[in-house]
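Let's work through a few exercises together, with the structure open beside you.

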Amino acid sequence: MADLATGSTVHSRSVGDLAVVYAGDYLNKLSGERIERECRRKLEAGCRALIINFRETELVNSIGISILLGVIDAAENTGARLIFSDVNTQTVQLFEMLGLTRHVALAADEQEALATLTEFASTPKAAGH
Amino acid sequence: MEQGTPLQKLLHTFAALADLGQEIADTSDFQEKMRAALHLLQGSLGLMRGALAEFDDEKGTLSFVAARGMGTQTSADLPLSAEEVSGLLARGISCLSKEDENSAAFDFFRTHQELLDALRVELVVPLVVRDNLVGMILLGPKATGEEFSAEDREVICAMARHIGVGIQEHRSFEELKRRAEENRQLYEEMRVIYRDTVRAFAAAIDCKDKYTQGHSERVGKYSEVIAREMGWSDEEIEGIAVAGYLHDIGKLVVERDIINAPYRIDAKQSSELNRHPSVGYEILSPISHPYADIPLTARYHHERIDGRGYPEGLTGEQIPLGAKIVSLADSFDAMTTDRPYKKRRGLEEVVEDFRRNTGKQFAPEVVASFCRALLKEVLGETTNRRIIKLLGKDYVQSERIAPLLRALIDDLESGVFSATAGNA
């Protein structure tokens, strides 16, 4: 069963041990760090796969990129899978140009991302991870 | 999907530079400013990790003020030797890597190899502003996995200049704050010294008159009570207290025999005694007092509203308010303490004297304020019973004095009294 949390204005929801965090329009300022904190919180709570949904994000600036790099770093450190969904064309180009897509998969929408991750999350972790 | 165009990359970098300039100029919180700067620098080029450190000249260490993706390694300071600082200064703002053949870069990476490897640092940028090392940027690899290009290095140096200025501004501001605090403390110490000196002078003045010991201090305290009741600021109240302490300083040059005469003094002696306000003014004028009008208060504390006072026979508004306050406080203390030729009067009689002399000797608004302050003490409406403490509890018959004070205050507030300046 899914639950929906909006703690300190960051929208997120959990689906089993997957989590979806909604980037909204917070990313482009320092207050966007709360998205990174929310992702880290989910990862520390044992979340094995994370989706960041950019449905309501028109533009990502340098602060946003840095925050997302922080999330990528955190996910890599915990061995969690990370997918960005609903990213617009211009932002996809920016992610590719700056190397984010080397570390994270993209999905057309949240459903596609969930389908991909559900399969990943149901697979037992390999020893040593 | 098509990768970003060079134009898109340029626009992204340009926007990061513009945002950085704005953050450095607008954000007042230094930590927040540095955090935003590091975000913008890493985000402009897609750098996986980075840190910003401020250089402490006195300790010779780099202290990390912002770090991302570097774990807890950046919690400790990084010491720099004098040679390292010189080497980094010589390079100025530039990107140094361990592959750099320049000796400063080579030495720095070799000396701190363990830490820099642990942090996976690929580039360091000394922040040099006006020939001073103010900090350093440490950067990890690009998320693309590519090497840093010459253009990347240009961008990093351009942003480093902004960040260096931000750190320098912060240092200047902190230095300014430190000096301001030092000055404030010095000023406070001087005020204490000044107040102690004033008290010592007051004691010296009163020592000369064996009958009026403590008079100057009491006048200072009564003046303070009146000024507070009149709504003066704390600094003004402090000033009027000092004026009260020093109002009789001119008596230091009056013959002790005249001051201590156990009888009514003659005209010649009286004329000598009456010089003390002008002499007091001369003594106090050359001193830079931290409060206004202290010399003038000494000069005019024997002036009367009706113009029959001395030394200049000023009337009404010509007399500074401070002098009117000290004048009333002076007279009140004279009436309520024993003198060589006269026992102190009862408080009812003193209030009656106020009634008779308001608008002649005393300013109505000053009398009203004093009476209000005294009434509050008599009725127990204030815990700070400063007047009663100075007079002695037994001297104040609350049930007798309260109606008199209330009636006088009512009359003063209804305008029964008015200054009779020039009518004498």
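**Exercise 1.** Work out how many residue pairs are in polar contact between chain B and chain A, and which elements of chain B take part in the touching side.

*Solution.* Start with the count: in this predicted model, 12 residue pairs are in polar contact between chain B and chain A, both partners at pLDDT 80 or more. Next, look at the elements: α1 (6–26) and α2 (30–45) of chain B are those that give two or more residues to the side touching chain A. Of these, α2(B) gives the most, with nine residues. Finally, sort that side by class: it has eight nonpolar, 13 polar and seven charged residues.

**Exercise 2.** Find the number of salt bridges between chain B and chain A, and describe one of them.

*Solution.* The count is three salt bridges. For an example, go to A:Glu36 and B:Arg68, whose side chains meet at 2.8 Å, N to O. That distance qualifies because the cut-off is 4 Å.

**Exercise 3.** How much area do chain B and chain A bury between them?

*Solution.* First count residues: 28 of chain B are in contact with 25 of chain A. Then take the area: about 2300 Å² is buried, 57% of it on carbon and sulfur atoms.

**Exercise 4.** Which residues touch the most other members of the largest nonpolar core?

*Solution.* This core has 90 residues, and the ones to pick are A:Phe54, A:Phe84, B:Leu52 and B:Ile163. Helix α2 (residues 62–78) of chain A supplies the largest share, nine residues. Now zoom in on B:Leu52: beyond its neighbours within four places in sequence, its contacts include B:Met34, B:Phe64, B:Leu127 and B:Ile163.

Terms used:
Residues numbered from 1 in each chain as written. Chains lettered and ligands numbered in written order. Predicted model: local features only at pLDDT ≥ 70, side-chain atom pairs only at ≥ 80, totals over all residues. Heavy atoms only, no water. Core = buried A, V, L, I, M, F, W, Y, C linked by side-chain atoms within 4.5 Å. Buried < 20%, exposed > 50% of the residue type's maximum accessible area, 1.4 Å probe, protein only. Helix = DSSP H or I, 4+ residues; strand = E, 2+ residues; numbered from the N terminus. Contact = heavy atoms within 4.5 Å. Buried area = accessible area lost by both parts, 1.4 Å probe. Polar contact = N/O pair within 3.5 Å; in protein donor to acceptor, adjacent residues only side chain to side chain. Nonpolar A, V, L, I, M, F, W, Y, C, P; charged D, E, K, R; others polar.
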